[in-house]
Amino acid sequence: MNEADSLANPTRNAERTTRNALELDGVTRSFGGLQAVCDVTLRVPQRERRAIIGPNGAGKTTLFRLISGEMSVTSGRIKLFGEDITRLPAHRRVGRGLGRTYQVTNVFPHLTVEDNMTLAAIGLSKTKFQPLFPVPRRGAQRDHVEQVLVQVGLQHRAREQVAHLSHGEQRQLELALALVGQTRVLLLDEPAAGLSSAERARMADLVRSLPPQLTLVIIEHDMDLVMNLVDRVSCLHNGRIIAEETPAAIRQNQMVQEIYLGVR
Ligand SMILES: Nc1ncnc2c1ncn2[C@@H]1O[C@H](COP(=O)(O)OP(=O)(O)OP(=O)(O)O)[C@@H](O)[C@H]1O
Ligand SMILES: [Mg+2]
């Protein structure tokens, strides 16, 4: 279909723009008698920015673990760009464009920012890495690492040991590590947790400046922070989605207000 056809055919256009990046159907995860995630059905269209909010213990991180494949579902189905990935191991989901923030504890603190990024890129490309030799750099990989470091504002720290980064910079590095693959859907679990207000604002700017074609799902407690970042908000409570609305509507939602005022 050429561009003129596409403009003349709004229905076809709408179909194209509403393709789902992520689809969850009846996803449940039990821990013994506890249903941490319970019958969650969720659609995140491609390019959408979605926040998941909810009180402590609501099941938000567990939901991310199920999507990323770190943990298996008790029941339900998960699709990534229409492909059923419910039983796919985590690394194969990464290979299909699913990125999630790594914990900083997963990085090598005495290597530089750049070397950590290169190792992550090598890990994704499945090239063998020899631990006793210097971290190899290849043209395209090096360019990509540099580009991502610019994207997250860490290029001036590329040669610094990770151990010397500030807390805020370490969170920026987490974001960079999640972007180093060909990430199409990015899951961010509280990227601004533990940051000062200036660092939080910086992180919000960074998230806002991510490429528009990226689909983003972000867990965040601070409603003020997510309000200006996302298109829609899903509220999780006791493992269930209890509301899914625009940020403005979610602020007015009485049930959501009660959960937040009651719990916090
Ligand atoms: N591996 C596990 N084994 C047993 N119970 C677990 C496990 N992981 C999570 N839970 C329980 O599942 C529930 C949901 O936890 P989860 O970490 O997903 O919540 P959360 O919404 O991310 O909370 P927070 O806002 O505090 O990060 C909690 O009651 C938690 O104790
Ligand atoms: Mg959590």
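Author: Six strands form an open sheet with mixed pairing, in the order E6-E7-E8-E3-E9-E10. Strands are DSSP runs of E with at least two residues, and helices are runs of H or I with at least four, numbered from the N terminus. This is a predicted model, in which local features need pLDDT of at least 70, side-chain atom pairs count only at pLDDT 80 or more, and totals for chains, interfaces and linings use all residues. Residues are numbered from 1 along each chain as its sequence is written, while chains are lettered from A and ligands numbered from 1 in the order in which they are written.

Reader: What makes E6 and E10 the edge strands?

Author: E6 (98-100) and E10 (240-245) each pair on one side only.

Reader: How do you know that E6 and E7 pair, and in which sense?

Author: Two strands pair if DSSP finds at least two bridges between them. E6 and E7 (residues 185-189) have three bridges, in the parallel sense, so they count as paired. Leu98 stands opposite Val185 in E7.

Reader: Which strands does H3 lie across?

Author: H3 lies across E3 (49-53), E6, E7, E8 (215-219) and E9 (232-237). Contact here requires C-beta atoms, placed from the backbone, within 7 Å. H3 runs at about 150° to E7; axes are lines fitted to C-alpha atoms, for helices over the stretch in contact, and angles run from 0 to 180 degrees between N-to-C directions.

Notes:
Two residues are in contact if their C-beta atoms, placed from the backbone, lie within 7 Å.
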